[in-house]
Amino acid sequence: MTQIEKKKGWRWGVNRWFVLAFMVLSFFAARAYPPIQPHVQLPAEVVFHTGITLFGQEVNITNTIIAMLVADVILLLIALGVRRATRQENAVPKGISSAVEALLEALYNLTEGTAGKWTKQIFPVFATITLMVLVWNWTELIPGVDSIGWLEPVHAEGVHGFAKEEILPGIFTIVKGEEQAEDAAVLEDEHAEGEDAHQGYVIVPFVRVASTDLNFTIALALIAVASVQYIGFRSNGVGYLTKFWNTKTLFSVPIFGVIDFAVGLLELISEIAKVLSFSFRLFGNIFAGSVLLFVIGSLVPIFAQSGFLMLEFFIGLIQAIVFGMLTMVFMAQATESHGHDDH
């Protein structure tokens with residue numbers, strides 16, 4: 001017992017010194033290069049121009065597309081790791097495999113208690129959306145996301161640029177100070193031959209959290225709502241349309257028929273509203289979290305951002321579960337009969 005306690009105390013002692021070392025290093029790093037709040041904008045930034053035109057629009061690679069691909073690769077690696085761990089004989093899953101197995105078991109039990117006999121059809125959609133949104137949300141916790149990218153000159157009005165400084169051969173960073181940015185812009189203009197004038201530089205990150213792109217969240221919301229309609233038609237057939245267009249009692253029982261018809265139209269409006277609700281809820285929470293990390297990192301660069309990173313860890317988890325659970329509940333509701341043949 002004494003040996004175990006000594007080992008535990010030694011371990012925490014080492015971790016304590018690691019934390020202290022990181023705090024000291026962050027202090028000197030912040031003194032050498034004061035943190036700058038990056039430019040915040042809603043549209044995703046273009047990282048690579050492909051030169052491909054589709055329907056009159058140029059198809060480019062944005063930083064949210066790269067983030068989505070990175071998160072997909074991470075998710076595939078996790079899936080392969082879990083598959084390998086579960087196929088071993090007499091093996092007990094550990095680490096990430098154990099956490100993923102526990103999460104999937106909890107999601108399955110939740111689906112079974114809500115959807116009943118339709119669990120096997122609904123659970124794959126529920127689990128896939130939850131895991132994918134979770135990994136996409138958590139990419140903002142990876143160092144370098146939203147902070148490493150191209151340096152591009154500022155030409156747009158209302159966008160504040162900064163001066164650049166070389167920290168390693170071929171590697172630059174932006175430095176604080178309006179005067180420095182103005183001086184840098186003047187020097188650039190003096191050396192530029194036939195190039196447009198610009199007011200300093202901004203960072204266009206290689207990777208930006210996919211959930212902060214409204215195009216991405218709307219596409220995911222459309223997939224979720226389409227899954228709801230699919231399971232509705234699969235469980236009820238063409239009779240599923242009576243949920244939105246109920247005219248069975250419109251002429252036989254005029255008063256109640258008009259009420260049923262009006263309720264059906266409201267159900268149709270609510271299905272469209274689900275797309276807005278899904279997309280803006282996820283987008284708003286994750287985008288606001290990214291802006292919060294930007295602001296805290298620029299105001300209090302030493303250790304304070306760690307607490308907000310933990311906050312974003314839980315917000316990303318909650319938003320993923322909420323998005324997936326709402327999809328599962330709506331799918332379970334769509335399997336219920338909306339006609340009156342069973343009465």
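**Exercise 1. Placing Ser227**

Ser227 is found in helix H6, which spans residues 214–236. Work out whether Ser227 is buried or exposed, and which residues it is in contact with beyond its sequence neighbours.

*Solution.* A word on the source before we start: this is a predicted model.
- Step 1: The relative accessible area of Ser227 is 14%. Buried means under 20%, so Ser227 is buried.
- Step 2: Set aside the neighbours within four places in sequence, and Ser227 is in contact with Val125 and Met331.

**Exercise 2. How H6 meets H8**

Find how H6 and H8 are oriented to each other, and describe what their contact is made of.

*Solution.* 
- Step 1: The two helices, H6 and H8, pack at an angle of about 25 degrees, and their axes are 8 Å apart.
- Step 2: Angles under 35 degrees count as roughly parallel, so H6 is roughly parallel to H8.
- Step 3: The crossing in which H6 passes H8 is right-handed.
- Step 4: On the H6 side, the contact is made by Leu220, Ala221, Ala224, Ser227, Val228, Ile231, Gly232, Ser235 and Asn236. H8 brings Phe323, Thr327, Phe330, Met331 and Ala334.
- Step 5: Sorted by class, the contact of H6 with H8 has 9 nonpolar residues, 5 polar and no charged ones.

**Exercise 3. A pair across the sequence**

Take Leu220 and Phe323. How many residues apart are they in sequence, and how many Å apart in space?

*Solution.* 
- Step 1: Leu220 sits in helix H6 and is buried, its relative accessible area being 10%.
- Step 2: In sequence, Leu220 and Phe323 are 103 residues apart, while their C-alpha atoms are 9.8 Å apart in space.
- Step 3: Not counting residues up to four places away in sequence, Leu220 touches Val133, Trp136, Leu282 and Phe323.

**Exercise 4. H2 against H4**

Decide how H2 and H4 are oriented to each other, and sort their contact residues by class.

*Solution.* 
- Step 1: Helix H2 (residues 63–87) packs with helix H4 (residues 119–138) at an angle of about 120 degrees, with the axes 9 Å apart.
- Step 2: That makes H2 and H4 oblique to each other.
- Step 3: H2 passes H4 in a crossing that is right-handed.
- Step 4: H2 contributes Ala67, Met68, Ala71, Asp72, Ile74 and Leu75, and H4 contributes Leu131, Met132, Val135 and Trp136.
- Step 5: By class, this contact of H2 with H4 has 9 nonpolar residues, no polar ones and 1 charged.

**Exercise 5. Stepping back**

How many helices and strands are there in the protein, and what percentage of its residues count as buried?

*Solution.* 
- Step 1: The protein has 8 helices and 6 strands. From the N terminus, the order is α-β-β-α-α-α-β-β-β-α-β-α-α-α.
- Step 2: Of its 343 residues, 32% count as buried.
- Step 3: Among contacts with a separation of 6 or more, 69% are between residues 24 or more positions apart.

Notes: Residues numbered from 1 in each chain as written. Predicted model: local features only at pLDDT ≥ 70, side-chain atom pairs only at ≥ 80, totals over all residues. Heavy atoms only, no water. Axes fitted to C-alpha atoms, helices over the stretch in contact; angles between N-to-C directions. Helix = DSSP H or I, 4+ residues; strand = E, 2+ residues; numbered from the N terminus. Parallel < 35°, antiparallel > 145°, perpendicular 65-115°, else oblique. Left-handed = near helix turned anticlockwise from the far one by under 90°. Contact = heavy atoms within 4.5 Å. Nonpolar A, V, L, I, M, F, W, Y, C, P; charged D, E, K, R; others polar. Buried < 20%, exposed > 50% of the residue type's maximum accessible area, 1.4 Å probe, protein only.
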